[in-house]
Amino acid sequence: MSEQDWEKTDAFRNTEIPTLLLIAVGAACVAAAWFFYTNRHTSEQGPRAFVMKPEYYDISPVRTVGKKLETLGMACGDCHSDPTDQDPRTAPEIHNKVVLKHGSNNRCFNCHNNGKRDFFAANGGGQIPFSKVETLCAKCHGPTYRDWQRGTHGRRNGYWDKTAGEQKNLVCIACHDPHSPAFKPMKAAPAPLKHNTPGETH
Amino acid sequence: MAEEKDPQGAPFSHPKPYGSGVTRRQFLAVAAAGAAAAAAAALSPLRDFGGFPPLREMLQKHFTELTPGQKKEVLERIASQLQEKYGAAPQLTALPPMDGVQYAYALNIGRCVGCRKCVYACMKENNQSRDPQIQYISVLQMEKGNIDVEKSSIDYEGQVPKEGHYYMPVQCHHCETSPCTKVCPVKATWREPDGIVVVDYNWCIGCRYCEAACPYHARRFNFKEPYLPEKDFNPKIDYLSNRPRPKGTMEKCTFCLQRTRAGKYPACLEVCPTGSRKFGNMLDPDSEISSIIRDKRVYIFKEELGTVPRFYYYTDV
Amino acid sequence: MSNLLRFFRLSAGEVLNGDWRYYAWMSALALITLAGINAYCVQFVHGLGTTGMSDHVSWGLYIANFTFLVGMAAAAVMMVIPVYIYHDHHMHDVVVFGEILAVATLIMAMLFVTVDLGRPERVWHMLPPPLGNFNWPSSLLTWDVIVLNGYLFLNAYVAGYLLYMRFLKREPLKLLYIPFVLLSIVWAVSIHTVTAFLYQGLAGRPFWHSSIIAPRFLASAFTAGPAFLILILQLVRRYTSYNILDGAVLRLRDVVQVAMAINIFLFLSEVFKEFYMQTQHVAHIKYLLFGLHGHSALVPWIWTALGMNVTAFLLLMLPASRKLKWLNAACVLAIIGVWIEKGMGFIIPAFIPNPLGEIVEYLPTYNEILICAGIWALGFFIYTLILKIAVPILTGRLQADTEPHSAGISGDKAAVQSGNLKTGVSPGRWGRDKAPSENP
């Protein structure tokens, strides 16, 4: 074997060239056919699996905040005018449905104004209007209120640049139910899709 | 001529036609023709090629080197392409950074409940591909008691927050010494003067070195042509941020610079139901972000890597 | 100039003529290359989504092959050093095979990087300003572009110059090649060090962020490259009249022996550092060697590679490997073992788990494998092509003043007579006294 050189021409016998020709052309045809076959699907689109639902990015806060202190369409002052020394939760309707889970708060009139039922109770017996309900929370939650004012607690929307537009802090009760303020669990938007690309085999 | 023999008795041979009439030359010619046909067939997938972008786009220079006139032309060209594709007239801007502004982001890790609204608000705002699905924000469900991401989960579902877990969203940290901008071979990604790390989608060559370098899994690559339904197209776009990206280029969170450079909050922040996300100008002492950095317990993810991020995790105390 | 044209004409003739084995080999390679081109066309049209890569494992088989091939290219230096520094006469006639190998493997490596790009038509962005925006010296990829192209030029120039001078039967001018050869010694180390630094510098990938990467790369390069050359030299010896002395092969064996020992030692050093006091970063090598959280796609591969490496090493240590049969076995094992360990076994574990702790595995797709096969076939094709020209020049048959194909006979005969066959090849069946007959 070591005596054979690449340039030897007598290695071609009589039948070799035509055979090689047949093989070469045959292989080229097979290759061409295979190329066309494997690419027959390339223009097709698979189904689009993922749909963005509006609830995934819904910007509304978790609670709706009304314009005033009311229940069942009625303002409190419509029915109440005088102070009471009863526990409102012993009442036969409306108030008995309130579940109070607000830390160590066990008295309605810690927050509600006994004399003027359309208002909340400020320290020293004064009145806090519904439009300033954050000052009610601030009676006890001072540091949180300070942070809320600064924008580091709770959601602030609008413009970071005050010269370009307004900043709007969401009021406390837009996220916290005042009777049961702990943030309620919510349904998470979907997890990222797997099998996004062929490589994501998990 | 008499047949020549060499001393061993084998005949000398010369290139001459054999009995079948096929010479080496003829064989080579036919074989070459066959190979050419196979080569043409090999190139057949190119039938489906949508065509190169226009020559002006292919020769477009780096964004930072464009003259104002060239920039205008580029924006007009892209706007008209997008109008044709999505049927809506885009408001394509190229907002410059503001003076005296250094952006920073803070995330209240004590308050995040893992609802993922930020992920989808970001997708909506930033025209991200729906298929393959690209999401800039990854929300990790972590085990209470450690910060080991290996024990975290990204595919939790159902009601959140779950017992025994806390949630840590991760997105581009816009690092001051960002590894991604350091390794890009063509400077297609760089840090703007206001701190935002941006990508010029028309300059990126798609080598994915930045994706390998990023310690926060923040960068995304367009492995296929991105799919965005027409009705989901957000026409308020910026060249460096949320305009629809081409196949084969990198993208990532841009701090919504189309919004933030106009003074607004990013989309992820606006939608967060617990108010866990905070953003603003670090240089403004009255901003909430300055207040957080000054007064809260602030932590940096993978701080030991020296990336110096502009993204801070904090708790309320 | 006319000599140059003659050179091209005669080389073309050389390349188009061969025996049936040559044609079969080149045709098979051409077909595989075409298959690779076809697969690349699919990828070009549809994007890199036709591969198995994802945002989690964003580099895969292409970069794995690129890493391995840069190492192979660097191995040419392991022949250059003995010849030009130590004046080892055994290797003198075979250095050019290493240099030509460097040319072929560098072309392959650069092709692998190119097919990995998302926008290959934008590769001109890497030109220096004012045309492009070349991020040198910050980005290691730019260093890699410089050193790989430089090394390609160096080897192509030196090999081309020396072969061309041999073709013209002129003594090459020392000034025109010795400085370049000496430069290529340093440069060879630099190409693989720069490629190692590509990975080594990334703090975000703890599997790569280790000072041992560059030495490991060099050690494995100097294992696989010379092993490959050992096999090539024997093929050249078998199929051509170019006599390659055993001394060259055995000198290369020495290199592979030592390099494989260092390669294994460095790997064990890495293993110790990871497993002795396990930090969170151990996750990557755990995934590679033992699997992680139920994912173990790479485990059989890496153990096969380690087994091959150790077996090759033991074989090389035994005197039995001075026999070609065992030496060839050891070389094949070493090449495949290093390819696995340094290719997939190095690139993929850095991405698993990803920086956020998630595990997404990687499996190359059929299309991806075809493109890789196509580039490998093209590399072999180029290497064979250049050797088809180089070997006849070295044997003295292809010279400026001979016509090689009126008969292979007179070429050899003239070569013997003019004393060009310095390597002492036996004239074989042809170089006898009898004059060839004229063509009928």
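The tour visits one chain and then its contact with a neighbour, in a model that is predicted.

**Stop 1: chain B.** Select chain B and colour it by secondary structure: there are 9 helices and 13 strands to find. Along the principal axes, its C-alpha atoms fill a box of roughly 110 × 50 × 35 Å. Even so, 59% of the 317 residues of chain B count as buried.

**Stop 2: where chain C meets chain B.** The contact takes in 66 residues from chain C and 75 residues from chain B. Together they bury about 6,000 Å², with carbon and sulfur atoms giving 58% of that area. Next, select Asp55(C), Asn133(C) and Leu356(C): these supply 13% of the area that chain C buries against chain B, more than any other three residues.

**Stop 3: a salt bridge.** How many salt bridges link chain C and chain B? The count is 1. To see it, select Arg208(B) and Asp116(C), whose closest N and O atoms are 2.6 Å apart.

**Stop 4: polar contacts and helices.** Across this interface, 29 residue pairs are in polar contact. Helix 2 of chain C provides the largest share, 9 residues. Finally, colour that side of chain C by residue type to find 32 nonpolar, 24 polar and 10 charged residues.

Methods
Residues numbered from 1 in each chain as written. Chains lettered and ligands numbered in written order. Predicted model: local features only at pLDDT ≥ 70, side-chain atom pairs only at ≥ 80, totals over all residues. Heavy atoms only, no water. Contact = heavy atoms within 4.5 Å. Buried area = accessible area lost by both parts, 1.4 Å probe. Salt bridge = Lys/Arg side-chain N within 4 Å of Asp/Glu carboxyl O. Polar contact = N/O pair within 3.5 Å; in protein donor to acceptor, adjacent residues only side chain to side chain. Helix = DSSP H or I, 4+ residues; strand = E, 2+ residues; numbered from the N terminus. Nonpolar A, V, L, I, M, F, W, Y, C, P; charged D, E, K, R; others polar. Buried < 20%, exposed > 50% of the residue type's maximum accessible area, 1.4 Å probe, protein only.
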